[in-house]
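Let's take a friendly walk through this structure, starting from a loop and ending at a helix. Keep the viewer open as you read.

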Amino acid sequence: MSFIVLVWVIVEFVKHENDDCDVPLSLYVKIWLGLWAFGVSKKELQKCILRWAPSDGPRPLRVQILDVIHIGVVHIWVAMGNYWVATSQTCSATSPELFTAVKYWVHLQAVVLLIGTLAILASRFLIQFLQQHSNLSISAHPSLLIGAMEKVKFSTKNPDLLDEKGKVEACSVCQEYFDDVEIIRKTPCGHVFHEKCLAAWCARKPTCPLCRAELGPSVMDIV
C-alpha cells in the first residue's frame, strides 16, 4: 500500500513540480525521497562513510547518532507534511493532483507510525498479561516461547556467535550478521537466531530452523 502511494506521489511530483502552491509540497516530496533513499542504502553508507558494518561488533557512537538523527528527521518530516496539508489554502486548487497525492501519503505515514507505536505497546502489555494471568503454557504463544529462551549478549568474542574462523556469524533465517541492534536468542538445542526471525518461524511451527528440534507444543496441540 505504502509503495503504491509513494509511486503515485512521485508521478504527480514529476508532472506538477513547478505548480504554484502556498506550501512547499515539491520540497516536501524531494526531502522525503532523500530520506527514503537514505533508509534503503543506510547499511552501505555505514560501510563506506562511517567505516562500520554489523560484523565489526557493537555500533560505535557515530553510527548510533546517525540512526537517532534519521529516525527523528523522519518523524518530524511526517508531522510537517501533515501540517502543510492541513494549513494549505491554495494548493488544492492550483495543484490538485500533487496536493491529493501528498495528502494521502502524509496521512498514511502518520497512521503507520501510530499503528507501529500502538502495536509495540499492545504486544508488551499482552505478553505481561498472559504471563501473569493465563493458564496456558508459556509455549502456547510464539512471543512467550521465544521470551523464555536465553538472550545472547552480542560480542565479537562470544563463542555462541562466532564461526570456525572466529568471525561473527549471520542469522541462518534472514542471513544478516548478528549485531548489537537486534535481540538474539539461543534455542534449547544450542542454535542462535535473531529474536524476530525465530518468532516468525515459530509462529508456523515451533521447531528450530536449523535442526528442526521441537521447541514447544503448538497452540493447536495445547487446545
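R51 is found in the loop between α3 (42–48) and α4 (61–87). Helices here are DSSP runs of H or I with at least four residues, and they are numbered from the N terminus. This is a predicted model, in which local features need pLDDT of at least 70, side-chain atom pairs count only at pLDDT 80 or more, and totals for chains, interfaces and linings use all residues. Residues are numbered from 1 along each chain as its sequence is written, and side-chain values use heavy atoms, with hydrogens and water left out.

| Residue | Phi | Relative accessible area |
|---|---|---|
| R51 | near 55 degrees | 64%, exposed |
| R212 | near 65 degrees | 47%, partly exposed |

For R51, phi is positive although the residue is not glycine, and R212 likewise has a positive phi without being glycine.

Now to helix α1, residues 2–16. Its 15 residues reach 21 Å from the first C-alpha to the last, close to the expected 21 Å, a span worked out as 1.5 Å times one less than the number of residues.

Which residues of α1 are buried? They are V5, L6, V9, E12, F13 and H16. These cover an arc of only 130 degrees around the axis, so they lie on the same side of α1; the arc is taken from the directions from the helix axis to the C-beta atoms. On the other side of α1, F3, I4, V14 and K15 are exposed.

Note on methods:
Helices (H or I, at least four residues) and strands (E, at least two) are DSSP runs, numbered from the N terminus. Buried means under 20% relative accessible area, exposed over 50%, partly exposed in between (1.4 Å probe, protein chains only).
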